[in-house]
Amino acid sequence: MISVTINFNSIVKLTDDQFYQLCRENPDVKFERNAKGEIIIMPPTGGETGNYNFEIATDLGIWNRQTKLGICFDSSTCFKLPSGANRSPDVSWIKKERWDALTAEQKQKFPPIAPDFVLELMSPTDSLKDTQDKMQEYMNNQVKLGWLIHRKTRRFEIYRQGQEVEILESPAELSGEDVLPGFVLNLQLVWQ
């Protein structure tokens, strides 16, 4: 199954609260919303992709517990980006000071903040172009570092704000640079 985009804009434009309610009323469906207000229905991941997402998130979480520099999020977290889009990266992280600046209500719903770091791991059903567009959308919305992993081709794309995309073929590991200082992701677990 691939993602499906539905445009209700000529009938109704959902407010942030209405979109949040739609998601709450349909907990078995993963929704995103692009900057044009179109609703995107995302299919669930398969077992392999879910496992790799978990392993990557675990490594980031262990690093974060040791450094206490920020807050980690899984793929169930939906963020309200500055463009108005609502997106749920596979793995994401926000600096602690930025997260702490949000109100309790903002933290409870879809946080109105762009993560500092996002990672998308391509599922077999994902469109490369759509996922690359999503990565560019993150960069256009103040995300500082983004990683796109395409397991099938063993290709790794690094997105940095204000820079060209860097493409690596079968890297063994990757550094979190100055956004995630000291974090190194061992990619051997992904290339297996």
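Let's start with N64, which is buried at 9% relative accessibility. Here, buried means under 20% relative accessible area, exposed means over 50%, and partly exposed is anything in between (1.4 Å probe, protein chains only). This is a predicted model, where local features need pLDDT of at least 70, side-chain atom pairs count only at pLDDT 80 or more, and totals for chains, interfaces and linings use all residues. Residues are numbered from 1 along each chain as its sequence is written, and side-chain values use heavy atoms, with hydrogens and water left out.

N64 sits in helix 2, which covers residues 47-67. Helices and strands are DSSP runs numbered from the N terminus (helices are H or I with at least four residues, strands are E with at least two). Which residues does N64 touch, not counting residues up to four places away in sequence? Those partners are L69, G70, I71, C72 and W93. A contact like this means heavy atoms within 4.5 Å.

Helix 1 has F19, Y20 and C23 as its buried residues. They span an arc of only 100° around the axis, so they end up on the same side of helix 1. That arc is taken from the directions running from the helix axis to the C-beta atoms.

As for what covers the buried residues of helix 1, the list includes strand 2 (30-33), strand 3 (39-42), strand 6 (86-87) and helix 4 (104-108).

## Charged pairs

How many salt bridges does a search of the whole structure find? It turns up 17. To count, a side-chain nitrogen of Lys or Arg has to be within 4 Å of a carboxyl oxygen of Asp or Glu. Side chains of opposite charge can pair when their charged atoms come close. Take K80 and D16: their closest N and O atoms are 2.5 Å apart. K80 belongs to strand 5 (residues 79-80) and D16 to helix 1 (residues 16-25), so this pair ties together parts that lie 64 residues apart in sequence. K80 is buried at 17% relative accessibility, while D16 is partly exposed at 41%.

R155 and E157 make another salt bridge, with 2.7 Å between the closest N and O atoms. R155 is partly exposed, with a relative accessible area of 23%, but E157 is buried at 3%. Then there's E177, whose side chain meets that of R160 in a salt bridge (2.6 Å, N to O). E177 is in the loop between strand 12 (173-175) and strand 13 (184-186) and R160 is in strand 10 (residues 155-160), so the pair ties together parts that are 17 residues apart in sequence. E177 is partly exposed at 28%, and R160 is buried at 16%. Salt bridges with shared partners also join E32, R87, E120, K134 and E137 into one network.

## Cysteines without a bond

A disulfide is a covalent bond between the sulfur atoms of two cysteines. How many disulfides does the structure hold? Zero, going by the rule that a disulfide is a pair of cysteine sulfur atoms within 2.5 Å.

The sulfur of C72 is 18 Å from the closest cysteine sulfur, that of C78, which is too far for a bond. C78 is in no disulfide either, as the nearest cysteine sulfur, in C23, is 5.9 Å away. C72 is partly exposed, with a relative accessible area of 30%, whereas C78 is buried at 5%.

F8, I11 and V12 make a nonpolar surface patch of about 290 Å². Patches are built from residues with over 30% relative accessible area and no salt bridge, joining like charges within 9 Å and nonpolar side chains (Val, Leu, Ile, Met, Phe, Trp, Tyr) within 5 Å. The areas come from the Shrake-Rupley method with a 1.4 Å probe, and for residues only the protein chains shown count as cover. V12 is in the loop between strand 1 (4-6) and helix 1, and is partly exposed at 36%.

## Over to helix 6

Q188 is part of helix 6 (residues 188-191) and is partly exposed at 42% relative accessibility. Leaving aside its neighbours within four places in sequence, Q188 is in contact with P171 and A172. The C-alpha atoms of Q188 and D59 are separated by 13 Å, with the two residues 129 residues apart along the chain.
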